[in-house]
Amino acid sequence: MTHTLDITKEHCPMTFVKTKLKLAQIADGDILEVLLTEGEPLNNVPRSATEQGYKVLSVNHVDGQIHKVTIQK
Amino acid sequence: MFDFTEEELKRYSRHILLKDVGVEGQEKIREAKVLVIGAGGLGAPVALYLAAAGVGTIGIVDGDVVDLSNLQRQIIHSTADIDKPKVQSAKETIQAINPHVKVREYKTFLEASNALDIIKEYDFVVDGTDNFPVKFLINDACIMAGKPFSHGGILRFEGQTFTHVPGTACYRCVFPTPPPPNLVPTCSQAGVLGAIAGMLGTIQAAEVLKYITGVGELLTDKLLTFNAKTMDFRKVAVKKREKCAICGDQPTIHTLIDYEQAACDLASHGK
């Protein structure tokens, strides 16, 4: 199952806190698509997710400052 | 599940960010019920850090009122709290730090007659007391009730602590009986460096949070001691004794005991 999360309005560290909350709420193996902005969120969220044992499947540019990080729980 | 509010997510963000705690660990902390016995030198930092961490229910047992001489180390109380019951002063400070915490006050000293009744409500017990009779009482009550607990003791520049979970060494495995009254001086007789209380109490608080979240290795079957003069820390292996009078194969203690206290401690109560 695929879930989405928009953290484009959040600032560090709430960007990854919100990502972790969503990951905790979904089932193992599910996919989470995270919309975030360039800079700190784009640098930190995929790195932190990888460090904490999640699988980052892709990072894609969506539009303007917005990127989509696809994470598998 | 995981119905944290925006405010809680931000408040606990530094826990949630930790791989080993996360949202799941914070949920366990929120559901935990911890009993802190003694709102003094050790109980103060323990209760403060557990409250800040978001422990859902904190019980505090203390029959004393705040005395001017407490304030050198008992940082949960303030000058304005002098003569207030310690449980009330502690509750007010906790709720100022974290209004999510439910505080249960027991304005009494722990005794053989009330110990089991009080501890049965809790998941973990913290010994923050200052005298041997109560330390043995906490140990025996926790063994009888099958409760994990953290032992802590401080004097002058030194501290010691260990953690018990059912099946590991207990206080009596290490120290079979209390020393005779007045043989070992208490803090009120010998003095204590205030910051030592914070050093030991925060170790105890960390052990509680590790137990709740299941992170790391507890100080079970290990006695941690330190001397702040040299800042030497030592971990000594201790073992569960088969012949222990309370947790051994054939226990000889079947009811709780109120041991005699040192005379000056009795005199200081109710001050």
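Chain A contains 2 helices and 4 strands, where helices (H or I, at least four residues) and strands (E, at least two) are DSSP runs numbered from the N terminus. This is a predicted model, in which local features need pLDDT of at least 70, side-chain atom pairs count only at pLDDT 80 or more, and totals for chains, interfaces and linings use all residues. Residues are numbered from 1 along each chain as its sequence is written, while chains are lettered from A and ligands numbered from 1 in the order in which they are written.

**Fold of chain A**
- Along the sequence, the elements of chain A follow the pattern β-α-β-α-β-β.
- The radius of gyration of chain A, taken over C-alpha atoms, is 11 Å, close to the 11 Å that the globule rule gives for 73 residues, so chain A is as compact as a globular protein of that length. That rule is 2.2 Å times the number of residues to the power 0.38.
- Taken along the principal axes, the C-alpha atoms of chain A fill a box of roughly 30 × 20 × 20 Å.

**Contacts**
- In chain A, 58% of the contacts between residues at least 6 apart in sequence join residues at least 24 apart; two residues are in contact if their C-beta atoms, placed from the backbone, lie within 7 Å.
- Between the chains, 9 residues of chain A are in contact with 11 residues of chain B.

**A helix of chain B**
- Helix α10 of chain B covers residues 194-213.

Note on methods:
Expected span 1.5 Å × (residues − 1).
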